[in-house]
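Let's walk through this model together, one region at a time. Have the sequence and the coordinates open as you read.

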Amino acid sequence: MTPSDLNLASSAEIMQALGQRLREQRLAKLMTQEELSRRAGVALGAVKKLESSGKVTLETLVQVARVLGLVNELSGLFAVPAYASIADMERHAAPKRQRARKRAGVAPS
């Protein structure tokens, strides 16, 4: 799945694709699921679930990425992009909203 495909994918498809990529990384390192589980300090079931569906905790994902030598790959996630122009820089410097607007006609809960 390419980055442009991710924009069209469901959350489940994205998680499954990430799990598959981690499986490929593990296999490239000639590591068994049991060995990865032990070295990452997570349950074997968590590794199996990660590789099949991607549905694991963020902590498990980070621990597995660390063991596979991929923790630096996480540094680019959600990073603020470099400015392409002065206009981009000015937009970024504008005050950020702290909360959403109240919807008209909705009683507070």
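At 76% relative accessibility, Leu30 counts as exposed, where exposed means over 50% relative accessible area, buried under 20% and partly exposed in between, with a 1.4 Å probe and protein chains only. Leu30 sits in the loop between H2 and H3, and its phi is positive, about 55 degrees, although Leu30 is not a glycine. As background, most residues other than glycine have a negative phi.

Before going further, a word on the ground rules: this is a predicted model, in which local features need pLDDT of at least 70 and side-chain atom pairs count only at pLDDT 80 or more, while totals for chains, interfaces and linings use all residues. Residues are numbered from 1 along each chain as its sequence is written, and side-chain values use heavy atoms, with hydrogens and water left out.

Now step back to the whole chain. It holds 6 helices and 0 strands, so the order from the N terminus reads α-α-α-α-α-α; here helices (H or I, at least four residues) and strands (E, at least two) are DSSP runs, numbered from the N terminus. Of the 109 residues, 20% count as buried. Contact means heavy atoms within 4.5 Å, and among the contacts with a separation of 6 or more, 42% are between residues 24 or more positions apart.

Helix H2 covers residues 11-28. Its 18 residues reach 26 Å from the first C-alpha to the last, close to the 26 Å expected at 1.5 Å a residue (the expected span is 1.5 Å times one less than the number of residues). Ala17, Gly19, Leu22 and Arg26 are buried in H2, and what covers the buried residues of this helix includes H3 (33-40), H4 (44-52) and H5 (58-67).

Which of these deserves a second look? Leaving aside neighbours within four places in sequence, Arg26 is in contact with Met31, Thr32, Gln33, Leu36, Glu51 and Leu68.

Moving on to H5, its buried residues are Thr60, Val64, Ala65 and Val67. They cover an arc of only 160 degrees around the axis, which puts them on the same side of H5; the arc is that of the directions from the helix axis to the C-beta atoms. These buried residues pack against H3 and H4, while Leu58, Glu59 and Arg66 are exposed on the other side of H5. After H5 comes Gly69, with a positive phi near 75 degrees.

In the loop between H5 and helix H6 (86-93) you will find Phe78. Phe78 is a residue other than glycine with a positive phi, near 60 degrees, and at 81% relative accessibility it counts as exposed.

Finally, look for the largest pocket, with a volume of about 740 Å³. On a 1 Å grid over the protein atoms alone, a pocket is an open set of points with protein on both sides within 12 Å along at least five of seven lines, and lining residues have an atom within 4 Å of a point. The lining has 21 residues, of which Leu18, Arg21, Leu61, Leu74 and Leu77 lie nearest the centre. H2 and H5 are the elements that give two or more residues to this lining, and H2 supplies the largest share, 7 residues.

Methods: On a 1 Å grid over the protein atoms alone, a cavity is a set of points where a 1.4 Å probe fits but cannot get out, and a pocket is an open set with protein on both sides within 12 Å along at least five of seven lines; lining residues have an atom within 4 Å of a point. Grid points are joined across faces, edges and corners, and a volume is the space filled by probe spheres set on the points.
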